Every structure is written in structure tokens, then in C-alpha cells.
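Hello,

Here is the structure I promised to pass on. Please have a look at it first, and then read my notes below.

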Amino acid sequence: MSRYLSSLLLVLFLSACSSEDPCDEAPRCDGSEALNCEVACTVGPCSTGAIFQQCEQGTTCTVVAGDRSDSRFYRSRAVCARSLSVCDPATAPAPTCEDGRFVVGCGAHRRDIRAFCSQAALYFKKVPECCLNGGGDGGVTDGGTDGGSTDGGSTDGGTTDAGSPDAGPRNPDAGR
């Protein structure tokens, strides 16, 4: 009996250890760093994999709940909030670009946030033009995905591919 108990405890101990994949713990705030993970993108700009964002410029990392009735913004997200107060994206000013790398404004998760241009479609219903036309974040390239559709790494300027728009040029992702 003792041997079975020892084996069971060993299995439980090993399964309790965290994995090396940060996506297993997303969304999460570690102090001033937001962690989100995307397995696929249906609307661009967006990058897949673990996305780390340092919350700077007076922002605070917080996890906000998604809208379960919205097929696009249903997931909870770790965001860099400029304000923790709830805002209404329908009545708020349109989001704008900041420093050519970030988009700021009232996002679909009802917070005034600062996010990478390359991830703008995950947070805003209407992505500012400046993010669609070359706004990046200084990270590594996204390996040839453009709004979720593989494009072989080439930019297409927002034209339609197979009848559906793909949100414009390929942008670098926020990965490390």
C-alpha cells in the first residue's frame, strides 16, 4: 500500500510542476508584463504564439474578461490598461497609433488600453490605418502569416485573397 501511495504522490507532484510553455498560463500578468497566447488568427493584424508586452507609459497590467456572446472578442486578455475604469468602445473616440508601434484607445474588452499594432485586431473592432500600413513592434517577423492566412511571407497591401480581405501587410509579432 505504501508503494502505491508513493507512486501516486510522485505522479501528482510531477503533474503539478509548471510546463515550459508560457501559453499554458495565459492570459496572465506578471507584475508589469502582460502574457497572452494565440493559437490561430482569423482577423489581422495578429500574430500567433506567446505574446509578451511590457506595460509602460503609465499603464497597468490587468486581466479582463471577454464577451462570451462575441465570436471575435470572447477570450479573456491580459491588457496594459491606461485606466482600470470601464469604457464603451461604441461611444469612445476611435483608437489611434502611438510611436508607430502601438495602438491606444477603448478596446472591445471595455478598457482604455495600449497594445502592439501587430495585435490590434485582438483588441479593437476597427484597427487604425497606421497599424495596417506597416506599424510593427520591433519584434521578430510572424513567419508568413497575415491575418491568419499563410501568405508565404510576402505582403499584399490589403487586397483580397481568395475573396476575403486579410487586413493588409504582414507585421512583426511581439515575441521575444
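A word on the background. This is a predicted model, in which local features need pLDDT of at least 70 and side-chain atom pairs count only at pLDDT 80 or more, while totals for chains, interfaces and linings use all residues. Residues are numbered from 1 along each chain as its sequence is written, and side-chain values use heavy atoms, with hydrogens and water left out.

Salt bridges

The structure has eight salt bridges, each being a side-chain nitrogen of Lys or Arg within 4 Å of a carboxyl oxygen of Asp or Glu.

Arg110 pairs with Asp88, at 3.8 Å from N to O. Helices (H or I, at least four residues) and strands (E, at least two) are DSSP runs, numbered from the N terminus. Asp88 is partly exposed too, at 30%.

Glu98 and Arg114 form another salt bridge, with their closest N and O atoms 2.4 Å apart. This pair links strand β6, where Glu98 lies, to strand β8, which holds Arg114, across 16 residues. Glu98 is partly exposed at 22%, whereas Arg114 is buried at 3%.

There is also a network of salt bridges that links Glu25, Arg28 and Asp30. Within it, the closest N and O atoms of Arg28 and Asp30 are 2.6 Å apart, and Asp30 is partly exposed at 40%.

Nonpolar cores

A nonpolar core is a set of buried Ala, Val, Leu, Ile, Met, Phe, Trp, Tyr and Cys residues joined through side-chain atoms within 4.5 Å. The largest one has 17 residues, and Val79, Val103, Ile113, Tyr123 and Val127 touch the most other members. The elements β5, β8 and α2 (129-132) each give two or more residues to this core. Apart from it lies another core of five residues, including Ala34, Cys55, Cys61 and Cys80.

Which residues does Val103 contact, beyond its neighbours within four places in sequence? Among them are Pro95, Ile113, Arg114, Phe124 and Cys131, where contact means heavy atoms within 4.5 Å.

Best wishes

Conventions:
Buried means under 20% relative accessible area, exposed over 50%, partly exposed in between (1.4 Å probe, protein chains only).
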